[in-house]
Amino acid sequence: MALLEIRKYPDNILRKKTAPVTTFDAGLQRLIDDMIETMYAAPGVGLAANQVGVSKQVAVIDVSGKDEETSLIVLVNPEIIHFEGEASIEEGCLSIPGYTTVVKRAEKVIARCCDREGKEIEIEGDGILARALQHEIDHLNGILLIDRIGRIKKEFFKKRYKREYESLKASLS
Ligand code: NI
């Protein structure tokens, strides 16, 4: 297993819709194992393949707390087939380090996908799991959490990002 580099905003790969997985081969198994290791090391509760530079419909999620048993989920070619309710919760993203914001999403969802062997499964989630499913499936469609907030908040984010990016550039030169 290997730790993969996590791509950061504004990397273009994060904006591209990922391609469906068609073969469940050894290469896919290696990618999934590396993504799991990278997610735990970050640490994060979810990771999408395009965040590690691979534009394929693969994501991993584990929303268990540190004193709980692990609840690892591998999603291949996922789509959400049912949305229910509404909840506003604070969210962050490994590709936008240091930034969190309240995002309004469905409270409960059902996702249909394949597991790592290619078997079709359905995952029902509410609370933090529903949140992670929506966040990671958004990633696979090229959507970031800053696309799920209001225009004014997004402008504020961009200004702050530009300021921090420019001070980083200045400190390196
Ligand atoms: Ni994210």
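Student: Is arginine 15 buried, partly exposed or exposed, and what is its relative accessibility?

Tutor: Buried means under 20% relative accessible area, exposed over 50%, and partly exposed in between, with a 1.4 Å probe and protein chains only. At 35% relative accessibility, arginine 15 counts as partly exposed. Keep in mind that this is a predicted model, where local features need pLDDT of at least 70, side-chain atom pairs count only at pLDDT 80 or more, and totals for chains, interfaces and linings use all residues. Residues are numbered from 1 along each chain as its sequence is written, and side-chain values use heavy atoms, with hydrogens and water left out.

Student: Which residue forms a salt bridge with arginine 15?

Tutor: The rule first: a side-chain nitrogen of Lys or Arg within 4 Å of a carboxyl oxygen of Asp or Glu. Here aspartate 147 pairs with arginine 15, with the closest N and O atoms 2.6 Å apart. The two sit 132 residues apart: aspartate 147 in the loop between α2 and α3 (151–172), arginine 15 in the segment before α1. Aspartate 147 is partly exposed too, at 29% relative accessibility.

Student: How many salt bridges does that rule give?

Tutor: The count comes to 12. One of them joins glutamate 91 and arginine 131, at 2.8 Å from N to O. Glutamate 91 lies in strand β4 and arginine 131 in helix α2, so this pair ties together parts that are 40 residues apart in sequence. Glutamate 91 is buried at 6%, and arginine 131 is buried at 6% as well. By the way, helices (H or I, at least four residues) and strands (E, at least two) are DSSP runs, numbered from the N terminus.

Student: Which residues are linked with those two in a network of salt bridges?

Tutor: Arg105, Asp138 and Arg148 are linked with Glu91 and Arg131. Strand β5 holds arginine 105 and helix α2 holds aspartate 138, 33 residues apart. Both arginine 105 and aspartate 138 are buried.

Student: Which residues coordinate the nickel ion?

Tutor: Donors are N, O and S atoms within 2.8 Å of the metal (3.2 Å for Na, K and Ca); water is not among the atoms, so sites may look incomplete. In this model, Cys93 (SG), His135 (NE2) and His139 (NE2) coordinate the nickel ion at 2.1 to 2.3 Å. Cysteine 93 sits in the loop between β4 (87–92) and β5 (100–105), while histidine 135 is in helix α2 (residues 127–140), 42 residues apart. Cysteine 93 is buried at 10%, and histidine 135 is buried at 7%.
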